Amino acid sequence: MPKLKLGAIEDDKPVKVTHELPASIHRDLVAYADILAKETGQPVGDPAKLIAPMLERFMAADRNFRKARRARQRPTGGEG
């Protein structure tokens with residue numbers, strides 16, 4: 001079986017976000033949680049907990065996003 005892109009879920013102080021998902025995405029999320037639980041041996045109580053790590057991984061893999069973010073964080077001269 002191929003390895004999933006997500007690993008164990010870390011605990012961190014959460015920020016509450018409410019968003020509606022299409023039913024097909026929710027079904028896929030539930031299926032992903034089930035496969036991940038079997039792969040890691042750790043049950044995923046709430047499949048919604050996978051959304052944040054998935055987004056984190058997606059953004060980390062987006063080279064253009066990382067480049068643009070670095071450009072925004074660079075000092076523009078001025079004082080310092």
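Five residues gather in a patch of positive charge on the surface: Arg63, Arg66, Lys67, Arg70 and Arg74. The model is predicted, so keep in mind that the values here are computed from it. Take Lys67 from this patch. Lys67 sits in helix α3, which covers residues 63–73. How open is Lys67? Its relative accessibility is 56%. The cut-off for exposed is over 50%, so Lys67 counts as exposed.

Now turn to a pair of charges. Side chains of opposite charge can pair when their charged atoms come close. Lys38 and Asp34 show such a meeting: their side chains form a salt bridge, at 3.3 Å from N to O. The count of salt bridges comes to one. Both partners belong to helix α1, residues 23–40. Lys38 and Asp34 are four residues apart there, about one turn of the helix. Their surroundings can be described too. Lys38 is exposed, with a relative accessible area of 64%. Asp34 is partly exposed, at 38%.

Step back to the whole chain. The protein has three helices and zero strands. Read from the N terminus, the elements run α-α-α. Is the overall form spread out or compact? The radius of gyration is 17 Å, well over the 12 Å that the globule rule gives for 80 residues, so the protein is more spread out than a compact globule. Along the principal axes, the C-alpha atoms fill a box of roughly 55 × 30 × 25 Å. Of the 80 residues, 11% count as buried.

How values were computed. Residues are numbered from 1 along each chain as its sequence is written. This is a predicted model: local features need pLDDT of at least 70, side-chain atom pairs count only at pLDDT 80 or more; totals for chains, interfaces and linings use all residues. Side-chain values use heavy atoms; hydrogens and water are left out. Patches are made of residues with over 30% relative accessible area and no salt bridge: like charges are joined within 9 Å, nonpolar side chains (Val, Leu, Ile, Met, Phe, Trp, Tyr) within 5 Å. Accessible areas come from the Shrake-Rupley method with a 1.4 Å probe; for residues, only the protein chains shown count as cover. A salt bridge is a side-chain nitrogen of Lys or Arg within 4 Å of a carboxyl oxygen of Asp or Glu. Lys and Arg count as positive and Asp and Glu as negative; His and the chain ends are not counted. The place of a charge is taken as NZ of Lys, CZ of Arg, CG of Asp or CD of Glu. Helices (H or I, at least four residues) and strands (E, at least two) are DSSP runs, numbered from the N terminus. Buried means under 20% relative accessible area, exposed over 50%, partly exposed in between (1.4 Å probe, protein chains only). The radius of gyration is taken over C-alpha atoms; the globule rule is 2.2 Å times the number of residues to the power 0.38.
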